Amino acid sequence: MGLPLLEDLPDPRGKKVLLRADFNVPITNGHIDDDLRITAAMPTIEWLQERGADITACSHLGRPNGAPDEKYSMDPVRERLKQLAPSVELMENLRFDPGEEANDPAFVDKLIRGFDMYVNDAFGASHRAHASVVGPPKKLPSAAGRLLAKEVEVLTGLIERPMHPFVAILGGSKVSSKMGVIEALIDKVDHLAIGGAMCFTFWLAQGMSVGDSLVEPDWVDACKGFLDGPSKDKLMIPTDVVAMGPDEEVKVFNGSVPDGWKGLDIGPETTLAFIAPLERAGTILWNGPMGMFEDPRFQEGTVDVAEAVADSHGFSVVGGGDSAAAVAKFGLQFRIDHVSTGGGASLELIEKGDLPGLEALRKASNA
Ligand code: ADP
Ligand code: MG
(Lines give C-alpha, C1' and ligand atoms only; values in the text may rest on other atoms or scores of the structure.)
(Ligands and ions follow the chains in the order given, each with its own letter.)
Protein backbone atom coordinates (compact mmCIF):
# COMPACT_ATOMS: atom_id res chain seq x y z
CA MET A 1 0.00 0.00 0.00
CA GLY A 2 3.08 2.21 0.25
CA LEU A 3 2.12 3.68 3.63
CA PRO A 4 4.77 5.30 5.83
CA LEU A 5 5.13 3.05 8.91
CA LEU A 6 6.32 3.76 12.44
CA GLU A 7 9.87 2.92 11.32
CA ASP A 8 9.70 5.77 8.80
CA LEU A 9 9.24 8.40 11.53
CA PRO A 10 12.14 10.46 12.85
CA ASP A 11 13.52 9.18 16.18
CA PRO A 12 10.58 9.66 18.59
CA ARG A 13 12.74 9.85 21.75
CA GLY A 14 11.58 12.79 23.87
CA LYS A 15 9.24 13.94 21.09
CA LYS A 16 5.55 14.75 21.35
CA VAL A 17 3.46 12.35 19.27
CA LEU A 18 -0.17 12.96 18.32
CA LEU A 19 -1.92 9.58 18.02
CA ARG A 20 -5.25 9.51 16.19
CA ALA A 21 -6.93 6.38 17.51
CA ASP A 22 -10.41 4.98 16.98
CA PHE A 23 -11.70 4.76 20.54
CA ASN A 24 -15.31 4.96 19.35
CA VAL A 25 -16.36 2.09 21.65
CA PRO A 26 -19.91 1.05 22.55
CA ILE A 27 -20.83 2.61 25.94
CA THR A 28 -23.95 1.94 28.04
CA ASN A 29 -24.56 4.04 31.17
CA GLY A 30 -20.93 5.16 31.29
CA HIS A 31 -19.70 1.56 31.03
CA ILE A 32 -17.66 0.26 28.07
CA ASP A 33 -19.36 -2.82 26.56
CA ASP A 34 -16.43 -3.90 24.38
CA ASP A 35 -12.91 -2.42 24.67
CA LEU A 36 -11.48 -4.15 21.55
CA ARG A 37 -10.79 -0.80 19.88
CA ILE A 38 -8.76 0.41 22.89
CA THR A 39 -6.72 -2.78 23.36
CA ALA A 40 -6.17 -2.91 19.58
CA ALA A 41 -4.18 0.37 19.76
CA MET A 42 -1.76 -1.02 22.34
CA PRO A 43 0.88 -2.40 19.93
CA THR A 44 1.35 1.11 18.50
CA ILE A 45 1.37 2.75 21.92
CA GLU A 46 3.91 0.22 23.21
CA TRP A 47 6.18 0.65 20.17
CA LEU A 48 6.24 4.42 20.69
CA GLN A 49 6.70 4.18 24.46
CA GLU A 50 9.60 1.76 24.15
CA ARG A 51 11.32 4.44 22.09
CA GLY A 52 10.70 7.18 24.61
CA ALA A 53 7.87 9.06 22.91
CA ASP A 54 5.49 11.32 24.79
CA ILE A 55 2.03 10.32 23.48
CA THR A 56 -1.22 12.22 23.37
CA ALA A 57 -4.13 10.28 21.88
CA CYS A 58 -7.27 11.71 20.31
CA SER A 59 -10.50 10.13 19.01
CA HIS A 60 -14.12 10.79 18.28
CA LEU A 61 -16.89 9.05 20.21
CA GLY A 62 -20.45 8.82 18.92
CA ARG A 63 -22.16 11.68 17.14
CA PRO A 64 -22.20 14.78 19.34
CA ASN A 65 -22.81 17.06 16.32
CA GLY A 66 -20.01 19.54 16.76
CA ALA A 67 -20.72 20.68 20.32
CA PRO A 68 -19.69 19.48 23.79
CA ASP A 69 -22.14 16.91 25.14
CA GLU A 70 -21.57 15.14 28.46
CA LYS A 71 -23.14 12.00 27.01
CA TYR A 72 -20.20 11.63 24.61
CA SER A 73 -17.41 12.51 27.02
CA MET A 74 -14.19 10.50 26.65
CA ASP A 75 -14.07 9.90 30.44
CA PRO A 76 -14.90 6.16 30.35
CA VAL A 77 -12.27 5.65 27.62
CA ARG A 78 -9.72 7.73 29.56
CA GLU A 79 -10.28 5.55 32.62
CA ARG A 80 -9.68 2.33 30.64
CA LEU A 81 -6.66 3.83 28.87
CA LYS A 82 -5.15 4.82 32.25
CA GLN A 83 -5.18 1.11 33.20
CA LEU A 84 -3.56 0.01 29.95
CA ALA A 85 -1.12 2.88 29.35
CA PRO A 86 -0.90 5.23 32.38
CA SER A 87 1.32 7.86 30.77
CA VAL A 88 -0.76 8.38 27.61
CA GLU A 89 -2.83 11.58 27.61
CA LEU A 90 -6.25 11.59 25.93
CA MET A 91 -7.88 14.69 24.44
CA GLU A 92 -11.62 15.35 24.71
CA ASN A 93 -13.95 14.08 21.96
CA LEU A 94 -12.76 15.51 18.62
CA ARG A 95 -16.35 15.91 17.41
CA PHE A 96 -17.11 18.41 20.19
CA ASP A 97 -15.60 20.88 17.70
CA PRO A 98 -17.44 21.37 14.37
CA GLY A 99 -14.00 21.78 12.71
CA GLU A 100 -13.35 18.04 12.99
CA GLU A 101 -16.07 16.83 10.63
CA ALA A 102 -15.82 19.96 8.45
CA ASN A 103 -12.08 19.32 8.00
CA ASP A 104 -11.41 22.94 8.95
CA PRO A 105 -7.71 23.91 8.49
CA ALA A 106 -7.90 26.14 11.58
CA PHE A 107 -8.96 23.13 13.64
CA VAL A 108 -6.07 21.10 12.20
CA ASP A 109 -3.64 23.84 13.26
CA LYS A 110 -5.10 23.88 16.76
CA LEU A 111 -4.91 20.08 16.96
CA ILE A 112 -1.26 19.73 15.96
CA ARG A 113 0.06 22.69 17.97
CA GLY A 114 3.08 21.58 20.02
CA PHE A 115 3.39 18.15 18.37
CA ASP A 116 6.44 16.83 16.55
CA MET A 117 4.87 13.92 14.69
CA TYR A 118 1.58 12.20 13.94
CA VAL A 119 0.47 8.57 13.91
CA ASN A 120 -2.85 7.41 12.48
CA ASP A 121 -4.02 4.14 14.02
CA ALA A 122 -7.73 4.91 13.56
CA PHE A 123 -8.64 2.44 10.83
CA GLY A 124 -12.35 2.74 11.70
CA ALA A 125 -12.24 6.50 10.96
CA SER A 126 -9.92 6.49 7.95
CA HIS A 127 -12.76 6.46 5.41
CA ARG A 128 -13.70 9.94 6.64
CA ALA A 129 -11.91 13.02 5.30
CA HIS A 130 -12.12 14.60 8.76
CA ALA A 131 -9.59 17.06 10.17
CA SER A 132 -7.79 14.68 12.53
CA VAL A 133 -7.50 12.02 9.82
CA VAL A 134 -6.36 13.94 6.74
CA GLY A 135 -5.03 17.22 8.21
CA PRO A 136 -1.92 16.39 10.30
CA PRO A 137 -0.02 14.49 7.55
CA LYS A 138 0.15 17.75 5.58
CA LYS A 139 2.05 19.38 8.44
CA LEU A 140 3.93 16.77 10.45
CA PRO A 141 6.08 13.70 9.79
CA SER A 142 3.42 10.96 9.83
CA ALA A 143 2.96 7.21 9.93
CA ALA A 144 0.38 4.45 9.98
CA GLY A 145 0.18 2.71 13.34
CA ARG A 146 0.34 -1.07 13.66
CA LEU A 147 -3.42 -1.62 13.72
CA LEU A 148 -4.07 0.55 10.68
CA ALA A 149 -1.23 -1.16 8.76
CA LYS A 150 -2.51 -4.63 9.71
CA GLU A 151 -6.11 -3.87 8.69
CA VAL A 152 -4.96 -2.51 5.33
CA GLU A 153 -2.63 -5.44 4.72
CA VAL A 154 -5.31 -8.04 5.51
CA LEU A 155 -8.14 -6.41 3.61
CA THR A 156 -6.19 -5.48 0.50
CA GLY A 157 -4.48 -8.89 0.55
CA LEU A 158 -7.91 -10.49 0.61
CA ILE A 159 -8.90 -8.73 -2.58
CA GLU A 160 -5.58 -8.85 -4.41
CA ARG A 161 -4.24 -12.30 -3.49
CA PRO A 162 -7.03 -14.51 -2.11
CA MET A 163 -6.50 -18.26 -1.74
CA HIS A 164 -9.20 -20.05 -3.67
CA PRO A 165 -11.90 -21.11 -3.25
CA PHE A 166 -12.76 -17.60 -2.00
CA VAL A 167 -16.18 -17.51 -0.34
CA ALA A 168 -17.91 -14.27 0.66
CA ILE A 169 -20.99 -14.23 2.86
CA LEU A 170 -22.85 -10.96 3.04
CA GLY A 171 -25.84 -10.07 5.18
CA GLY A 172 -27.17 -7.24 7.27
CA SER A 173 -30.12 -4.97 6.93
CA LYS A 174 -29.62 -2.92 3.77
CA VAL A 175 -28.73 -4.16 0.33
CA SER A 176 -28.05 -0.53 -0.68
CA SER A 177 -25.12 -0.28 1.75
CA LYS A 178 -23.52 -3.47 0.36
CA MET A 179 -24.09 -3.06 -3.40
CA GLY A 180 -20.64 -1.58 -3.95
CA VAL A 181 -19.06 -4.48 -2.09
CA ILE A 182 -21.00 -7.07 -4.11
CA GLU A 183 -19.81 -5.28 -7.24
CA ALA A 184 -16.19 -5.29 -6.05
CA LEU A 185 -16.26 -8.92 -4.94
CA ILE A 186 -18.26 -10.70 -7.62
CA ASP A 187 -15.31 -11.08 -10.03
CA LYS A 188 -12.87 -12.15 -7.29
CA VAL A 189 -14.88 -14.74 -5.37
CA ASP A 190 -15.90 -18.28 -6.22
CA HIS A 191 -19.12 -18.10 -4.18
CA LEU A 192 -21.07 -15.13 -2.87
CA ALA A 193 -23.88 -15.93 -0.42
CA ILE A 194 -26.51 -13.31 0.38
CA GLY A 195 -28.33 -13.55 3.72
CA GLY A 196 -29.85 -11.05 6.13
CA ALA A 197 -32.66 -8.73 5.14
CA MET A 198 -30.84 -7.94 1.89
CA CYS A 199 -31.86 -11.29 0.44
CA PHE A 200 -35.45 -10.10 0.14
CA THR A 201 -34.64 -7.45 -2.45
CA PHE A 202 -33.00 -10.27 -4.45
CA TRP A 203 -36.17 -12.33 -3.92
CA LEU A 204 -38.25 -9.44 -5.31
CA ALA A 205 -35.92 -9.35 -8.31
CA GLN A 206 -36.64 -13.05 -8.82
CA GLY A 207 -40.37 -12.35 -8.70
CA MET A 208 -40.87 -14.04 -5.34
CA SER A 209 -43.22 -12.79 -2.63
CA VAL A 210 -41.57 -11.43 0.50
CA GLY A 211 -44.57 -10.59 2.71
CA ASP A 212 -43.68 -7.82 5.16
CA SER A 213 -39.93 -8.45 5.03
CA LEU A 214 -37.50 -5.49 4.74
CA VAL A 215 -36.94 -4.59 1.09
CA GLU A 216 -35.47 -1.72 -0.90
CA PRO A 217 -37.56 -1.53 -4.10
CA ASP A 218 -35.17 1.02 -5.67
CA TRP A 219 -32.48 -1.66 -5.72
CA VAL A 220 -34.46 -4.44 -7.42
CA ASP A 221 -32.98 -3.62 -10.84
CA ALA A 222 -29.43 -3.70 -9.48
CA CYS A 223 -30.14 -7.12 -7.95
CA LYS A 224 -31.57 -8.28 -11.29
CA GLY A 225 -28.33 -7.16 -12.92
CA PHE A 226 -26.35 -9.55 -10.72
CA LEU A 227 -28.89 -12.38 -11.06
CA ASP A 228 -28.73 -12.17 -14.87
CA GLY A 229 -25.06 -11.17 -15.04
CA PRO A 230 -22.00 -13.15 -16.14
CA SER A 231 -21.27 -14.26 -12.55
CA LYS A 232 -24.80 -15.35 -11.72
CA ASP A 233 -23.71 -18.91 -10.92
CA LYS A 234 -21.56 -17.65 -8.06
CA LEU A 235 -24.53 -16.13 -6.26
CA MET A 236 -26.20 -18.08 -3.48
CA ILE A 237 -29.65 -16.76 -2.55
CA PRO A 238 -31.69 -18.23 0.33
CA THR A 239 -34.25 -20.91 -0.55
CA ASP A 240 -35.95 -20.86 2.85
CA VAL A 241 -36.31 -18.30 5.64
CA VAL A 242 -37.56 -18.07 9.23
CA ALA A 243 -40.39 -15.56 9.50
CA MET A 244 -42.59 -14.07 12.20
CA GLY A 245 -46.32 -13.74 11.65
CA PRO A 246 -49.48 -12.74 13.48
CA ASP A 247 -49.30 -13.20 17.28
CA GLU A 248 -45.50 -13.52 16.97
CA GLU A 249 -45.81 -17.01 15.54
CA VAL A 250 -42.44 -18.16 14.08
CA LYS A 251 -42.33 -20.45 11.05
CA VAL A 252 -39.99 -21.57 8.25
CA PHE A 253 -41.12 -20.80 4.69
CA ASN A 254 -39.74 -22.35 1.54
CA GLY A 255 -39.48 -19.99 -1.39
CA SER A 256 -41.99 -17.29 -0.49
CA VAL A 257 -43.22 -15.36 2.52
CA PRO A 258 -46.97 -14.61 2.70
CA ASP A 259 -48.45 -11.23 3.60
CA GLY A 260 -48.50 -10.60 7.33
CA TRP A 261 -45.18 -12.42 7.79
CA LYS A 262 -41.69 -10.92 8.06
CA GLY A 263 -38.52 -12.85 7.21
CA LEU A 264 -35.99 -12.46 10.03
CA ASP A 265 -33.44 -15.25 9.55
CA ILE A 266 -32.22 -17.66 6.89
CA GLY A 267 -33.80 -21.12 7.09
CA PRO A 268 -32.10 -24.47 7.86
CA GLU A 269 -31.80 -25.54 4.21
CA THR A 270 -30.15 -22.22 3.30
CA THR A 271 -27.80 -22.43 6.28
CA LEU A 272 -26.57 -25.84 5.12
CA ALA A 273 -26.08 -24.54 1.58
CA PHE A 274 -24.11 -21.48 2.81
CA ILE A 275 -21.93 -23.56 5.13
CA ALA A 276 -21.08 -26.24 2.55
CA PRO A 277 -18.42 -24.29 0.58
CA LEU A 278 -16.77 -23.05 3.81
CA GLU A 279 -15.33 -26.46 4.59
CA ARG A 280 -12.78 -26.36 1.75
CA ALA A 281 -12.56 -22.58 1.38
CA GLY A 282 -9.10 -21.00 1.11
CA THR A 283 -10.38 -17.54 2.02
CA ILE A 284 -13.59 -16.41 3.71
CA LEU A 285 -14.99 -12.91 4.05
CA TRP A 286 -18.07 -12.52 6.20
CA ASN A 287 -19.88 -9.21 6.52
CA GLY A 288 -23.37 -8.74 7.94
CA PRO A 289 -25.50 -10.99 10.15
CA MET A 290 -27.75 -13.61 8.51
CA GLY A 291 -30.77 -12.45 10.48
CA MET A 292 -31.99 -10.31 13.36
CA PHE A 293 -29.56 -12.15 15.65
CA GLU A 294 -30.12 -9.74 18.57
CA ASP A 295 -33.35 -11.73 19.14
CA PRO A 296 -32.49 -15.36 20.11
CA ARG A 297 -35.44 -16.61 18.02
CA PHE A 298 -33.66 -15.36 14.91
CA GLN A 299 -30.01 -15.99 15.75
CA GLU A 300 -29.69 -19.57 14.46
CA GLY A 301 -28.51 -18.74 10.93
CA THR A 302 -25.93 -16.24 12.19
CA VAL A 303 -24.66 -18.62 14.91
CA ASP A 304 -24.33 -21.55 12.51
CA VAL A 305 -22.55 -19.48 9.85
CA ALA A 306 -20.26 -17.90 12.49
CA GLU A 307 -19.32 -21.35 13.81
CA ALA A 308 -18.65 -22.67 10.32
CA VAL A 309 -16.43 -19.64 9.59
CA ALA A 310 -14.55 -20.26 12.86
CA ASP A 311 -14.20 -24.01 12.09
CA SER A 312 -12.93 -23.47 8.56
CA HIS A 313 -9.25 -24.01 7.80
CA GLY A 314 -9.33 -21.15 5.31
CA PHE A 315 -8.13 -17.63 6.13
CA SER A 316 -11.18 -16.01 7.74
CA VAL A 317 -11.97 -12.31 7.93
CA VAL A 318 -15.00 -10.74 9.57
CA GLY A 319 -15.84 -7.12 8.80
CA GLY A 320 -18.75 -4.96 9.93
CA GLY A 321 -19.66 -3.65 13.36
CA ASP A 322 -22.68 -5.87 13.92
CA SER A 323 -20.98 -8.99 12.52
CA ALA A 324 -18.01 -8.41 14.85
CA ALA A 325 -20.46 -7.97 17.74
CA ALA A 326 -22.15 -11.26 16.78
CA VAL A 327 -18.81 -13.07 16.69
CA ALA A 328 -17.95 -11.67 20.15
CA LYS A 329 -21.42 -12.52 21.51
CA PHE A 330 -20.95 -16.16 20.53
CA GLY A 331 -17.35 -16.19 21.88
CA LEU A 332 -15.80 -17.02 18.50
CA GLN A 333 -13.49 -14.01 17.99
CA PHE A 334 -10.32 -15.96 18.85
CA ARG A 335 -11.03 -18.56 16.18
CA ILE A 336 -11.34 -16.02 13.36
CA ASP A 337 -8.09 -14.95 11.70
CA HIS A 338 -8.98 -11.27 11.50
CA VAL A 339 -11.91 -9.40 13.03
CA SER A 340 -11.83 -5.90 11.57
CA THR A 341 -12.23 -2.93 13.93
CA GLY A 342 -13.71 -0.85 11.11
CA GLY A 343 -17.24 -1.38 9.83
CA GLY A 344 -17.72 1.31 7.21
CA ALA A 345 -13.97 1.60 6.65
CA SER A 346 -13.51 -2.09 5.85
CA LEU A 347 -16.40 -2.01 3.36
CA GLU A 348 -15.08 1.12 1.69
CA LEU A 349 -11.54 -0.26 1.45
CA ILE A 350 -12.84 -3.44 -0.21
CA GLU A 351 -15.07 -1.38 -2.48
CA LYS A 352 -12.66 1.37 -3.55
CA GLY A 353 -9.23 -0.07 -2.74
CA ASP A 354 -8.22 3.10 -0.87
CA LEU A 355 -9.32 5.48 1.90
CA PRO A 356 -8.86 9.26 2.43
CA GLY A 357 -6.80 8.62 5.57
CA LEU A 358 -4.40 6.35 3.66
CA GLU A 359 -4.02 8.80 0.77
CA ALA A 360 -3.16 11.53 3.27
CA LEU A 361 -0.43 9.41 4.90
CA ARG A 362 1.12 8.57 1.54
CA LYS A 363 1.47 12.30 0.82
CA ALA A 364 3.22 13.05 4.13
CA SER A 365 6.64 14.71 3.78
CA ASN A 366 8.48 11.72 5.29
CA ALA A 367 6.60 9.09 3.24
P1 ADP B 1 -22.66 -4.97 9.80
O2 ADP B 1 -22.61 -3.90 10.86
O3 ADP B 1 -22.07 -6.26 10.28
O4 ADP B 1 -22.11 -4.52 8.49
P5 ADP B 1 -25.37 -4.27 9.10
O6 ADP B 1 -25.24 -3.01 9.87
O7 ADP B 1 -25.44 -4.19 7.64
O8 ADP B 1 -24.22 -5.30 9.54
O9 ADP B 1 -26.70 -5.02 9.56
C10 ADP B 1 -26.88 -5.51 10.86
C11 ADP B 1 -28.33 -5.51 11.24
O12 ADP B 1 -29.12 -6.19 10.28
C13 ADP B 1 -28.57 -6.24 12.56
O14 ADP B 1 -29.00 -5.29 13.51
C15 ADP B 1 -29.68 -7.24 12.24
O16 ADP B 1 -30.68 -7.29 13.23
C17 ADP B 1 -30.24 -6.71 10.95
N18 ADP B 1 -30.89 -7.76 10.15
C19 ADP B 1 -30.32 -8.85 9.59
N20 ADP B 1 -31.22 -9.60 8.96
C21 ADP B 1 -32.42 -9.00 9.12
C22 ADP B 1 -33.75 -9.28 8.67
N23 ADP B 1 -34.02 -10.36 7.95
N24 ADP B 1 -34.71 -8.40 8.99
C25 ADP B 1 -34.43 -7.30 9.71
N26 ADP B 1 -33.21 -6.98 10.15
C27 ADP B 1 -32.21 -7.81 9.86
MG1 MG C 1 -23.89 -2.19 11.27
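Biologist: Is F293 buried or exposed, and why?

Modeller: This is a predicted model, so read every value as computed from it. Buried means under 20% relative accessible area. F293 has 4% relative accessibility, so F293 counts as buried.

Biologist: Which ring forms an aromatic pair with F293?

Modeller: Planes over 60 degrees apart count as edge-to-face. F293 pairs with F330 at 6.4 Å centre to centre, with 75 degrees between the planes. That makes the pair edge-to-face.

Biologist: Where in the chain do F293 and F330 lie?

Modeller: In distant parts, 37 residues apart. F293 is in the loop between strand 14 (283–287) and helix 12 (300–311). F330 is in the loop between helix 13 (321–329) and strand 16 (338–339).

Biologist: How many aromatic pairs does the count come to?

Modeller: The count is 3 aromatic pairs. One of them joins F200 and W203, edge-to-face, at 5.6 Å centre to centre and 80 degrees between the planes. Both residues belong to helix 9 (residues 199–205). They sit 3 residues apart, about one turn of the helix.

Biologist: Are F200 and W203 buried or exposed?

Modeller: Apply the cut-off again. F200 is at 2% relative accessibility, so F200 counts as buried. W203 is at 0%, so W203 counts as buried too.

Biologist: What lies over the face of W47?

Modeller: For a charge over a ring, check the distance to the ring centre. Here R51 lies over the face of W47, 3.9 Å from the ring centre.

Biologist: Now the sheet. What is the order of its 5 strands?

Modeller: Strands of a sheet pair through backbone hydrogen bonds, either parallel or antiparallel. This open sheet has the order 5-4-1-6-7, with parallel pairing. Strand 5 (89–90) and strand 7 are the edge strands, each pairing on one side only.

Biologist: How many bridges join strand 4 to strand 5?

Modeller: There are 2 bridges between strand 4 (residues 54–58) and strand 5, which run parallel. A57 has L90 in strand 5 as its bridge partner.

Biologist: Which strands do bridges join to strand 6?

Modeller: Strand 1 (residues 16–20) is joined to strand 6 by 4 bridges. L19 stands opposite V119 there. Another 3 bridges join strand 6 to strand 7 (residues 142–144). In that pairing, N120 stands opposite A144.

Biologist: Which way do the side chains of strand 6 point?

Modeller: In a regular strand the side chains alternate between the two faces of the sheet. In strand 6 (residues 117–120), M117 and V119 point one way. Y118 and N120 point the other way. All four are buried.

Note on methods:
Residues numbered from 1 in each chain as written. Chains lettered and ligands numbered in written order. Predicted model: local features only at pLDDT ≥ 70, side-chain atom pairs only at ≥ 80, totals over all residues. Heavy atoms only, no water. Buried < 20%, exposed > 50% of the residue type's maximum accessible area, 1.4 Å probe, protein only. Pairing = 2+ DSSP bridges. Phe/Tyr/Trp six-rings, centres within 6.5 Å; stacked < 30°, edge-to-face > 60°. Lys NZ or Arg CZ within 6 Å of the ring centre and 35° of its normal.
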